[in-house]
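Subject: Structure handover

Hello,

Here is the structure for your files. Please look through it alongside the notes below.

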Amino acid sequence: MTEFDDIRPYDDHEVRPTLERLLTNPELADAVARLKFPRAAGPLGWLLRPLVQKAMRRQMRGVDTVLGFQEVVKGYMQRMIADTTTELTTSGLDRLDPNGAYLFVSNHRDIAMDPAFVNWTLYHGGFNTLRIAIGDNLLTKDYVSDLMRLNKSFIVNRSARAPREKLKAAKKLSAYIHHSIAEDHANIWIAQREGRAKDGKDKTNSAVVGMFSLSRPKSQPFAEYVRELKIVPVSISYEWDPCDAAKARELHQQRTSGGYQKAEHEDVKSIAMGIAGQKGHVHVAFGDVLDGDYEDTDAVVAEIDRQILDNYVLHATNCLAWERLNGDLPDMAHGYPPKTFTPEDLGEVRQRFELHLANIPADHRALVLDMYANPVAAKLDRR
């Protein structure tokens, strides 16, 4: 597969050399030390680094396949779920074939956790793990790129600027996605849009769907090609967004200053915040395979949006935000399995929600409320 060597995940024969490179990388050791020992890592970083490297080498001993690496990742994921979620539920997976290959297109709220939760759910449902699309804008450090490609991530070229260069990169990505589904029978995950939905509005970017069909033979009908890709919309809903304050800060600066300049490696920090932060109840909902006679990209976008919204699970935090903005609780079910509100449900979560808002800067609070309330607004608009 030399055609895709610059974007594809690593193969088994590349695992050990990549791990040897990572295990001697001081930046990775420092990053792990900061994640595990945030208070001590600053003043004692010089002391922690060799200890962290020794521990990582011990953990990676004997790992020489992608599956072996993912087994190590599984342990971290299990601890993260235990520490940062109150519940992880899923729906719709029973309508899919574990032996099939699908193009999972999901809403996008968290850089790392969106595909991680989909991957975890698939793995425990007896499906093959995902090849995960990740923008090269997130790979600002070599060790991050290596880690992502070891974990079956493939690279989306977002740094191309010239129109011809962008089109060439998009065609290669389109061909790789089709090759993965049709030839390798491998599952793919990609977000419905470039960049997270910081305002809580889940809308598919038509350019993403347009990219899917760039490698379609001219003689093949559009609808037939779409059916070949076996697109499945996925809705991921978080009770609490660990990055809500950071997203609100960015939105506020955009609205007041006309723009926002990310700090160096800010996305890497967002990844760490999303992993370590409290998420509460997380639900992953799988939709139905797109198998209609779609006329064009717009028809596919509309169906993905419809399924993502319909399958999105509201949490009490969404409804409380709506109440704060509109004065009354929406007459809608929340949670999974769905239930209606009773006064007893709201006491503890309302207290925590109010405390959380109190810790948000005053001029950012309305943005956080919008973030949580917009999924309610979207569902009410569909009635």
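Predicted model: local features only at pLDDT ≥ 70, side-chain atom pairs only at ≥ 80, totals over all residues.

Residues are numbered from 1 along each chain as its sequence is written, and side-chain values use heavy atoms, with hydrogens and water left out.

Aromatic rings

Seven aromatic pairs turn up in a search of the whole structure. Rings of Phe, Tyr and Trp (its six-membered ring) pair if their centres lie within 6.5 Å; planes under 30 degrees apart count as stacked, over 60 as edge-to-face and the rest as tilted. Phe-104 and Phe-286 have ring centres 5.6 Å apart and planes at 75°, so this pair is edge-to-face. Phe-104 lies in strand S2 (residues 103-106) and Phe-286 in strand S7 (residues 280-286), so the pair ties together parts that are 182 residues apart in sequence. Helices (H or I, at least four residues) and strands (E, at least two) are DSSP runs, numbered from the N terminus. Both Phe-104 and Phe-286 are buried; buried means under 20% relative accessible area, exposed over 50%, partly exposed in between (1.4 Å probe, protein chains only).

A tilted pair is formed by Phe-154 and Tyr-176, at 5.1 Å centre to centre and 55° between the planes. Phe-154 is in strand S4 (residues 153-156) and Tyr-176 in helix H7 (residues 163-182), 22 residues apart. Phe-154 is buried, at a relative accessible area of 0%, and Tyr-176 is buried, also at 0%. Phe-4, Phe-154 and Tyr-176 form one aromatic cluster.

Helix packing

Helix H1 (residues 12-23) packs on helix H6 (residues 142-150) at an angle of about 150°, with the axes 10 Å apart. Axes are lines fitted to C-alpha atoms, for helices over the stretch in contact, and angles run from 0 to 180 degrees between N-to-C directions. H1 and H6 are therefore roughly antiparallel (angles under 35 degrees count as roughly parallel, over 145 as roughly antiparallel, 65 to 115 as roughly perpendicular and the rest as oblique). On the H1 side the contact is made by Val-15, Thr-18, Leu-19, Arg-21 and Leu-22, and on the H6 side by Tyr-143, Asp-146, Leu-147 and Leu-150. Contact means heavy atoms within 4.5 Å.

The buried residues of helix H11 (residues 266-276) pack against helix H5 (113-124) and H6. Among them are Val-268 and Ile-271.

Single residues

Ile-304 is found in helix H12 and counts as buried at 0% relative accessibility. Leaving aside neighbours within four places in sequence, Ile-304 is in contact with Val-105, Thr-204, Val-209, Ile-231, Pro-233 and Leu-290. Glu-295, in the loop between S7 and helix H12 (297-311), is exposed, with a relative accessible area of 72%.

Backbone geometry

Tyr-336 and Pro-337 are joined by a cis peptide bond, with omega about -5°. Pro-337 is placed in the loop between helix H13 (316-326) and helix H14 (343-358). His-185 is not a glycine, yet has a positive phi of about 55°; His-185 is exposed, at 51% relative accessible area. Lys-230, also not a glycine, has a positive phi of about 50° and is partly exposed, at 36%.

Regards
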